[in-house]
Amino acid sequence: METTNQGNNLTYRFPKNFWWGSAASGPQTEGAAATDGRKASIWDYWFSIQPECFHNQVGPANTSNFYHQFKEDIQLMKETGHNSFRTSIQWSRLIPDGVGEVNEKAVAFYNQVIDELIANGIEPFMNLYHFDMPMCMQEKDGWESREVIDAYVNFAETCFKLFGDRVKYWFTFNEPIVPVEAGYLYNWHFPNVVDFKRGALVAHNTIVAHAKAVEVFKKLNLPGQIGIILNLTPSYPRSQDPEDVKAAHIADLFFNRSFLDPVTKGEYPRDLVEILRERDLLPTVEAGDLAVIRDNPIDMLGVNYYQPRRVKAKEEPAPHDAPFMPEHLFDPYIMPGRKINPHRGWEICEEVIYDIMVDIRDHYGNIPFFISENGMGVEGEVKFRHEEGFIEDDYRIEFIQEHLKWVHKGLQEGANCLGYHLWTFMDNWSWTNAYKNRYGLVEVDLTNNFKRTIKKSGRWYKRLSENNGF
Ligand code: BG6
C-alpha cells in the first residue's frame with residue numbers, strides 16, 4: 001500500500017486546516033441501548049414490534065459498541081488520519097424522559113468522548129438529532145406536536161450548556177427531510193404514516209425547532225458555530241425540454257430547497273409555497289414561526305452527498321383520487337449509461353459534488369460549508385478480504401479520490417468548502433438496512449466481539465490527511 005504522490009509532489013492539494021474526518025451518529029454506533037439509564041427511541045420500539053422490517057432482523061440494541069470501546073476507536077481515528085469527527089448526542093440517553101431530569105451517566109459518557117477526541121487532536125463535531133426521536137416524545141405525536149418542539153429546544157440548550165465550552169461545531173439535525181420522507185410519505189420508517197399534509201407539518205415543525213435551537217445557541221454566546229446537515233440531491237432533467245426542466249425544478253423545490261432555503265435565507269421558496277397552497281397542503285404555521293426562521297440563519301452548512309436525482313416530465317397524469325405525492329408532478333428518470341455502485345445500487349456521479357459547491361457559491365451567498373457525508377456502501381464486503389486479513393477496498397479509495405477531484409475544482413473556483421467527512425469511520429448499523437451496506441474505513445466484525453480492523457482505505461485516508469491532498 002503506497003501512495004503515488006507524497007509530500008510536495010501532490011496533484012490535488014487542499015487548503016491549510018482542511019477538515020479530514022468522518023461522520024457517524026450515536027444511535028448507529030453506541031449500542032448499550034438499555035444501559036445506564038437510556039430509554040427507548042422510536043427505533044428500539046419499532047424493532048420490538050416488527051423485527052422483520054430490519055435486515056437479518058438485526059436491531060439497534062448493540063450497534064458497534066462505541067459506548068464501551070470509544071477509547072480504542074478514537075485511537076483508530078488517529079490511525080486513519082482524522083483531524084475531526086462528527087457523532088450525535090442521543091436525546092434518549094441524555095434526557096431519557098424527553099424532558100426533565102438529565103442523565104448524569106450520559107453526561108459523563110459524552111464528556112469522556114469529547115475530552116478524549118480533543119486530547120487526541122480530533123475536533124469534535126456534535127449533531128443533536130439523527131432520526132432518533134425518543135419513544136416517549138413520539139407518543140406525544142413527535143414532530144407534529146409543538147410540545148415536542150419545546151422539548152427538543154430544551155434538550156439542545158442542555159447540550160450547549162453542558163458541552164459548549166469544548167464543542168465548537170454544532171448541528172441541529174442530520175438530514176431532517178429523511179424522517180419526513182421515510183416516516184410520513186413513503187412508509188419506510190416508523191411511524192409509517194403516508195400523508196403528505198402531515199409530512200409537511202413535520203417538515204415545518206422541524207425547521208421551527210432548528211431555528212429555535214439556533215436562537216438559543218446565539219443567546220448563550222458560546223465560542224462555537226452552529227449549522228445543520230442536509231442531504232442535497234440535485235435534480236437533473238432528462239433533457240432541456242421546458243417540461244423536463246420544470247419537472248426537475250419542482251423536484252428540487254421539494255427535496256432540496258424546502259430545507260436549504262429556510263435555514264440559509266430565512267424563508268421558504270415562494271413557488272413551493274404556491275404549489276402547496278393550490279392543493280391545500282400547507283401546514284399550520286403559528287404566529288412567530290416565520291420570524292424565528294427568518295432571524296436565525298445558520299453559521300455554516302453540512303452537505304451530505306451520495307447521488308443525484310434524475311427526473312422527466314410526467315408521462316401519465318396521477319389519478320384524480322390518489323392522495324398527493326411529490327411524484328405526481330414529475331417522473332423519475334433512469335439515465336442510460338449511468339454509473340452504478342453495483343454493491344449498493346446507487347448511482348455514482350462525482351461531478352455533482354462540484355455542481356452543489358457552485359450552487360452554494362452562487363445562490364446561497366457562498367456560505368461556509370463542508371462535505372459532511374459522502375461514501376460508498378458495499379454489501380457482502382467480506383469477499384474483498386486480503387489474505388493478510390484486512391478488507392482490500394480499492395473501490396472506496398477510488399470513490400473518494402474521484403469525488404475529491406471535483407471538490408478540489410470547486411475550491412479552486414472559489415467555493416467556501418472547509419472539509420470532507422466520509423460516511424463513515426467504522427461499519428455501523430444503518431436503520432432498516434442494519435449492517436447490510438458497509439461504509440467504514442474500519443471493519444467491524446459482528447461475529448467476533450465487534451473486532452475492529454482498519455481497511456486498506458483507512459490506511460490510505462491517513463496519508464491523504466497527512467499530505468493534505470493526493
Ligand atoms: C446517510 C445517513 O444518508 O446514509 C446515514 O445519514 C445512513 O444515517 C447512510 O446510515 C447509509 O445508508 P444505507 O441505507 O446505505 O445503509
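Glu315 and Arg238 form a salt bridge, their closest N and O atoms lying 3.5 Å apart. A salt bridge here is a side-chain nitrogen of Lys or Arg within 4 Å of a carboxyl oxygen of Asp or Glu. Glu315 sits in the loop between strand 8 (309-312) and strand 9 (331-332), and Arg238 in the loop between strand 6 (235-237) and helix 10 (242-265), so the pair ties together parts 77 residues apart in sequence. Helices (H or I, at least four residues) and strands (E, at least two) are DSSP runs, numbered from the N terminus.

Arg238 is partly exposed, at 36% relative accessibility. Buried means under 20% relative accessible area, exposed over 50%, and partly exposed in between (1.4 Å probe, protein chains only).

## Basis of the model

The model is predicted: local features need pLDDT of at least 70, side-chain atom pairs count only at pLDDT 80 or more, and totals for chains, interfaces and linings use all residues. Residues are numbered from 1 along each chain as its sequence is written, and side-chain values use heavy atoms, with hydrogens and water left out.

Glu79 belongs to helix 3 (residues 66-79) and Arg459 to helix 15 (residues 456-467), 380 residues apart. Glu79 is partly exposed at 37%. Arg459 is partly exposed at 36%.

## Other bridges

Arg279 pairs with Glu278 at 3.4 Å between the closest N and O atoms. Arg279 is partly exposed at 34%, whereas Glu278 is exposed at 60%.

Salt bridges also link Glu381, Asp393, Arg396, Asp427, Arg438 and Lys455 in a network. The whole structure holds 38 salt bridges.
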